[in-house]
Amino acid sequence: MNSDTLEGRAVLLGITGGIAAYKSASLCRLFVKAGAHVQVVMSRAACEFITPLTLQTLSGREVHVDMFGRSVKGVEHIDLADDAELFVVAPATADYLARAATGRASDLISAVTLAFTKQVLAAPAMNTNMWNNPATRRNLDTLAASHGWNFVQPGSGELACGWSGQGRMAEPEEILEAASALFSADLRGRAVLVTAGPTVEDIDPVRFLSNRSSGKMGYAVAAAAARRGAEVILVSGPTALPCPAGVRRVDVRSALEMQRAVDENIAEVDAVVMCAAVADYRPAKVAPHKLKKQRGEDERIIELVRNPDILAGLGARFADAPSRPVLAGFALETKDLERAAQKKLAAKGADIIVANLAADGFAKDDNAALILGRDGARRDTGRVSKRQLAEVILDEIKSRFPANP
Ligand code: CTP
């Protein structure tokens, strides 16, 4: 694990009231070990699960709980917010997230949250039904999209409440890693173009051909690249996802529009990550009016024509170029993963191909990938969150950049 970037950093660790609070002691210890200065703030409910004394001993600093406690300098919640570079909330309960999303300042940790202006990293933990509740989803979307929060997604498994499903707080090591990544701006000075989501190929004004890509992988890559300091252009097909903080999104619909947006920006970028599930074919004609069924017509044939292969086009265009962006593609397969990925690597002229099985990653929050490089590299990631996979892909891209930006 690379936690060097935490050395000397001021981290405010917020703990709210869930059973996962016991893991926050390890997290605090990990931050301290990594050289961070840790200040802990706890909600009253968190103190039911773990004592402030434990955190005080581990952090070496007085733990703050109450709104009207003593402040050394002045106004306690403002001082706590001002003094930290990063606010890590772990566990972040459903109620805390609701308060944060609606700007409540009803207790110290909420008031600190409202006054905090820098990066926030939250590790939600709750019962799986609470996690899936539309209210929680909305709050998470609001915090990610409008407040620019970063999340370490909860894992799946058996929960303390007896239910099984997503909701278990990420492990302290994963949270530390995510915090560390927020400080490392190792892609500063680089520009990265990411494509994401499906393309939509219209048949008539109300019908289309598309696929089930959620866009999650591409959005995770865009968010991670922005966090690491890159300038990011996200060319996105229609998805339900909010634009990640610090990312410029160009919305497109069809493969042809996506190709145009890529072409318009390609000269500016150091890397292209083609996560989009581009439709290989589009209807030969888009009917100007809604197609009507015809009497006696039992079969309707829609003529399709090939879409351009955007990635292969870039591969061919830069094949002999003295300087070229690093080209990363995906290979989504349902069988023969490695063989198909090797073929795509060669056929598309890409520098790396991230291969995954539809059953492993499609529309999910995690994935398992095999990364193959034109230089013969081979890296099996095992099952990881899409956020972690995004970091790995960016590491692979970074290692292929020419020496200086
Ligand atoms: N891709 C592209 N343009 C297309 C089709 C795919 O740029 N018209 C890119 C994708 O974004 C991805 C890679 O090529 O990075 C592989 O996409 P995939 O759908 O797995 O493969 P295809 O090339 O479409 O091959 P097939 O459908 O035959 O498996």
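Visitor: Why is Asp336 counted as partly exposed?

Guide: Its relative accessibility is 41%. Buried means under 20% and exposed means over 50%, with partly exposed in between, so at 41% Asp336 counts as partly exposed. Bear in mind as we go that this is a predicted model.

Visitor: Where is Asp336 found, and what is its phi?

Guide: Asp336 lies in the loop between S16 and H12. Its phi is near 45 degrees, a positive value in a residue other than glycine.

Visitor: How do you know that the length of helix H12 agrees with its number of residues?

Guide: H12 covers residues 337-348, which is 12 residues. The expected span is 1.5 Å times one less than the number of residues, so H12 should span 16 Å; its end C-alpha atoms are 16 Å apart, which agrees.

Visitor: What makes you say that the buried residues line one face of H12?

Guide: The buried residues are Leu337, Ala340, Ala341, Leu345 and Lys348. Looking down the axis of H12, they fall within an arc of 140 degrees, so they line one face of the helix. The face turned away from that buried side carries the exposed residues Arg339, Lys343, Ala346 and Ala347.

Visitor: What covers the buried residues of H12, and which residue follows the helix?

Guide: The cover includes helix H11 (310-317) and the strands S16 (326-333), S17 (352-357) and S18 (366-373). Gly349 follows H12, and its phi is positive, near 65 degrees.

Visitor: Why is Cys47 called buried, but Cys243 partly exposed?

Guide: The cut-off for buried is under 20%. Cys47 has a relative accessible area of 19%, so Cys47 is buried. Cys243 has 24% relative accessibility, so Cys243 counts as partly exposed.

Visitor: What makes S2 and S5 the edge strands of the open sheet?

Guide: The open sheet has 5 strands in the order S2-S1-S3-S4-S5, with parallel pairing. Strand S2 (37-42) and strand S5 (150-151) each pair on one side only, and these are the edge strands. Helix H2 (residues 52-59) packs on the sheet, touching S1 and S2, and its direction makes about 170 degrees with that of S2.

Visitor: How do you know that S1 and S3 pair?

Guide: Two strands pair if there are at least two bridges between them. Strand S1 (residues 10-15) and strand S3 (residues 86-92) are joined by 4 bridges and run parallel, so they meet that requirement. Gly14 has Val89 in S3 as its bridge partner. S3 is also the place of Pro91, which a cis peptide bond joins to Ala90, with omega about -5 degrees.

Visitor: In what sense do S6 and S7 pair, and over how many bridges?

Guide: Strand S6 (residues 155-158) and strand S7 (residues 164-168) pair in the antiparallel sense over 4 bridges. Gly155 stands opposite Arg168 in S7. Their hairpin has 5 residues between the strands, and Gly162 takes a positive phi there, near 100 degrees.

How values were computed
Residues numbered from 1 in each chain as written. Predicted model: local features only at pLDDT ≥ 70, side-chain atom pairs only at ≥ 80, totals over all residues. Heavy atoms only, no water. Helix = DSSP H or I, 4+ residues; strand = E, 2+ residues; numbered from the N terminus. Contact = heavy atoms within 4.5 Å. Axes fitted to C-alpha atoms, helices over the stretch in contact; angles between N-to-C directions. Buried < 20%, exposed > 50% of the residue type's maximum accessible area, 1.4 Å probe, protein only. Arc of directions from axis to C-beta.
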